[in-house]
Amino acid sequence: MKKHWKILLHICVFILLTLLTQIGGVVYLMSFVFCSRIKYAFPLKGLAAFVIIYCLGTFITTPLLAKLFNRERIVHYHNLQPANYLTVLLNRNYVRPEVNAYLKSVSEELGNNNKALVMRYLDANFPLIDGFPLLPHLSHNDGKKLDISLVYENSDGKIVNCSKSISGYGIFEEPQKGELNQNKVCQAAGFSYYDMPKYLTFGSINEDLHFSEKGNRELMRALIHPEVVEKVFIEPHLKERLRLKHNKIRFHGCHSVRHDDHIHVQIK
Ligand SMILES: [Zn+2]
């Protein structure tokens, strides 16, 4: 019985690591093989083997394998950075080459308009296999999707390139008086999971920061400008507040989750 529980635990760890990082489950299995080949016993041998193989996989093997699936890591610029470096460590930063070309053009346009603004990306796609979803975003499965953090400013009105939660998700810019409350509409229609990202913050930070209208308007205008964009999702009240009229900015539907904590971009 004890052995069965052990196997079950290994299966759970395998599934969890695969869902979180895509390669983690396979690395977990490889670390057992690696440990069995090394005769020397030392404390945390299994963990050390996992960390070494995982790092080699993340930074060397996986970027090469990803090319077979027409994907590459998001290229960083001075004004295009991950909101949280864990996105990179967990292999959630892969896109198709055309998305990188698009991001380069957005970065150049942003750089011309506002030197202080840094576009900070959140979850993109996994490196391998079309159709493999990057949970909890079911649609991030083809290398064409990317989430981007909202822009915040401090009490002096200065743009600060920080998030309001550890994960970058789940702290909402709520509707103001007179604005459409899409969350209420969706909840009333029975879509109770519409505000699910509130459970994904992993803790709120930088509570003194507030939504930057100027920064978010500039970011949205740069994002929708290039021809290759298929659609951009942001919560309807923010579209209204930022006075954005472009037809590529759409409402994602109540079956999705609210987008007043991040912007979702997808490429054609
Ligand atoms: Zn998304």
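Predicted model: local features only at pLDDT ≥ 70, side-chain atom pairs only at ≥ 80, totals over all residues.
Biologist: Which residues of E5 are buried on one side, and which on the other?

Modeller: Residues are numbered from 1 along each chain as its sequence is written. A residue is buried if 20 or more other C-beta atoms, placed from the backbone, lie within 10 Å of its own. Both faces of E5 are covered, with buried Lys145, Asp147 and Ser149 on one side and, on the other, Leu146 and Ile148.

Biologist: Why is strand E5 largely enclosed by the rest of the structure?

Modeller: Strands here are DSSP runs of E with at least two residues, and helices are runs of H or I with at least four, numbered from the N terminus. E5 covers residues 145–149, and it is largely enclosed because the buried residues number five of the five.

Biologist: Which residue in E11 does Ser149 stand opposite?

Modeller: Two strands pair if DSSP finds at least two bridges between them. E5 and E11 (residues 262–267) pair in the antiparallel sense over five bridges. In E11, the residue opposite Ser149 is His262.

Biologist: Which element gives the largest share of the side of domain 1 that touches domain 2?

Modeller: The domain assignment, automatic or from a database, gives domain 1 (2–68) and domain 2 (75–267). Their contact (C-beta atoms, placed from the backbone, within 7 Å) takes nine residues from each domain. On the domain 1 side, helix H1 (2–21) and helix H3 (45–68) each give two or more residues. The largest share, four residues, comes from H3.

Technical notes. Contact = placed C-beta atoms within 7 Å. Buried ≥ 20, exposed ≤ 12 C-beta atoms within 10 Å, placed from the backbone.
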